[in-house]
Amino acid sequence: MKVLILNGSPKGKNSVTLHTCLYLQKQYSEHSYEILDVGQKIRSFEKDMSSAVKALEWADLIVFCYPVYTFLAPAQLHRFIRLMKESGCDVSGKFATQITTSKHFFDVTAHRFIQDNCVDFGLKYIKGLSADMEDLPTKQGQRDARRFWRYVEYCVRHDLYEPASVPAISEKTMGSSALSGEEQNAAVNAYTNNGQVMDEPEDRLSDADTEKKSVEAPWQMKKQTAEKQDEPGTKKTAAIKKTAAIKKTRRTGRKAGTRNKDIVIVASIKPGDSILSAMIADFQSVSPYPARVINIEEFPFQGGCISCFHCAADGTCIYKDGFAEMLREQIQSADAIVYAFTIQDHSMGARFKLYDDRQFCNGHRTVTMGMPMGYLIAGNLEAEENLRMVIEARCEVGHNFLCGMAANSEEIRKMNARLLYALHHGYVQPQNFYGVGGMKIFRDLIYVMRGFMKADHQFYKKHGIYDFPQKKKGQILLMMLVGALMNNPKLRAKAGKQMTEGMVAPYKKVLEE
């Protein structure tokens, strides 16, 4: 069997995940193997995909090998998947699987992302291996890896693979940037209800009400239109020109009360994203506060996160492109964040993922907790179950109130209303399983690594995140006593009803007060 390993780690040969693949290569040497370091050499593949296409066409089995980065695969692998689709290489009918390492923090959404894209390629997907970062050096980890590989071999021999996780999609269902000029006009006209954008509320604050001195950069959008974004010579209708105008206001900083709130829209606006531009303009028109726009497509990123842990001690990123400063001073300082993107490859797209990964300069610290967040999403969000889960989980882990995932004008109105309520009342809900479970994984990880990840450790201590159950000594002793009593059949029979009454006693006291 000819096996192609797509190493999505930006660390290349020094990838922990890759070593699981190298171990399997050594154990099952009867197969032919080729490794492409697509994560580390993504810029080379952006210039020339010919070697990758040749390897993809050669392979019988494609193995996506990567560390899990913030709910999904690294941005570099996101980008390579996009390049695969743009290259037009035909891998349909081949087998595919994946091997990841992580601390199991939302490894399920990362695996689903790869699986969904395998459907687009027409690949026969075999359920992958999600290993702990520390598994391979152990006998059990090695045993698990071998058992997994034997299962993959069995599936290939017997033509067994998972059913399609999503409907296969074409490029033209990914968003307006993949459409022709005429198709963009029709899509925007349909979105804006014959070219009519939302009316502005009477109590909308003017830009002058919140204007303060600030340094403008190219990625801080002052005004942008679909006409400017599209290729020269493309004919535009009045509808696109009207709906795609995006207003820009200067950062004001957080303020108490119901006036003068700072809302930032962090957007991934590509050339031709007419529908997304219209959605942003619609949100700005219904918000009583000027919402400034930062277009991450125009930010001069020097590269994606390489998991070098340079930031572990004090939050300083190895890159000198100003991202960390922009993130902290222009985005995290706001009162609310609205993210805006066009669905691409079953996610928010490679550029937005790069932004997400680079936020690791904050380590595992939930620095925006309590802040309301919303999403403006162009594309068929209803069909993207995994993406919706990622968005909800991001907010839950960060302890942010998710005001909505808006894909049309009516949802934008509702999202804005929820966001205003959260801003004015400081509303945030208790975390659900995504947030509680995710933070417990981080809690245990950072406690063990506290000598190395010092900034995270100090943050967790300050905010009481080290809520280990063994610290609840009183409750533990009480449960030991109750358990001992309940082991006695006579006492257990006598307790009966009194046991349940005792359990609800504290709650009755609340009602009596």
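## Helix pairs and covered strands

Let's start with two helices: H16 and H17 lie oblique to each other. "Oblique" is what remains once angles under 35 degrees are called roughly parallel, those over 145 roughly antiparallel, and those from 65 to 115 roughly perpendicular. The model here is predicted, so local features need pLDDT of at least 70 and side-chain atom pairs count only at pLDDT 80 or more, while totals for chains, interfaces and linings use all residues. Residues are numbered from 1 along each chain as its sequence is written, and side-chain values use heavy atoms, with hydrogens and water left out.

A word on the labels: helices (H or I, at least four residues) and strands (E, at least two) are DSSP runs, numbered from the N terminus.

Two packed helices are described by the angle between their axes and the distance between the axes. Axes here are lines fitted to C-alpha atoms, for helices over the stretch in contact, and angles run from 0 to 180 degrees between N-to-C directions.

| Helix pair | Angle | Axis distance |
|---|---|---|
| H16 (residues 433-448) and H17 (residues 454-462) | about 120° | 10 Å apart |
| H5 (residues 107-121) and H14 (residues 385-398) | about 155° | 10 Å apart |
| H11 (residues 274-286) and H15 (residues 409-425) | roughly 40° | within 10 Å |

Back to H16, which passes H17 in a left-handed crossing. Left-handed means the near helix is turned anticlockwise from the far one by less than a right angle, and right-handed means clockwise. On the H16 side, Met439, Phe442, Arg443 and Ile446 make contact (heavy atoms within 4.5 Å) with Asp456, His457 and Tyr460 of H17. Sorted by type, the residues of this H16 and H17 contact come out as four nonpolar, one polar and two charged. Ala, Val, Leu, Ile, Met, Phe, Trp, Tyr, Cys and Pro count as nonpolar, Asp, Glu, Lys and Arg as charged, and the others, Gly among them, as polar.

H5 and H14 are roughly antiparallel to each other, and their crossing is left-handed. H5 brings Val108, Thr109, Arg112, Phe113 and Asp116 to the contact, while H14 brings Glu385, Asn386, Met389 and Val390. That set splits into four nonpolar, two polar and three charged residues.

H11 and H15 are oblique to each other, and they cross in a right-handed way. Met279, Asp282, Phe283 and Val286 of H11 meet Ser409, Ile412, Arg413, Met415 and Asn416 of H15. Here the count is five nonpolar, two polar and two charged.

### Covered strands

Strand E13 (residues 373-378) is largely enclosed by the rest of the structure, because six of its six residues are buried. Buried means under 20% relative accessible area, exposed over 50%, and partly exposed in between (1.4 Å probe, protein chains only). Met373, Tyr375 and Ile377 point one way from E13, with Gly374, Leu376 and Ala378 pointing the other way. Ile337 stands opposite Met373 in E13.

Strand E11 (residues 291-295) is mostly covered too, with five of its five residues buried. Ala291, Val293 and Asn295 point one way, Arg292 and Ile294 the other. Five bridges tie E11 to the parallel strand E10 (residues 263-267), where Ala267 stands opposite Asn295 of E11.

### A covered helix

Helix H13 (residues 350-358) has eight of its nine residues buried. Its cover includes helix H4 (75-87), E10, helix H12 (323-331), E12 and H14.

Terms used. Pairing = 2+ DSSP bridges.
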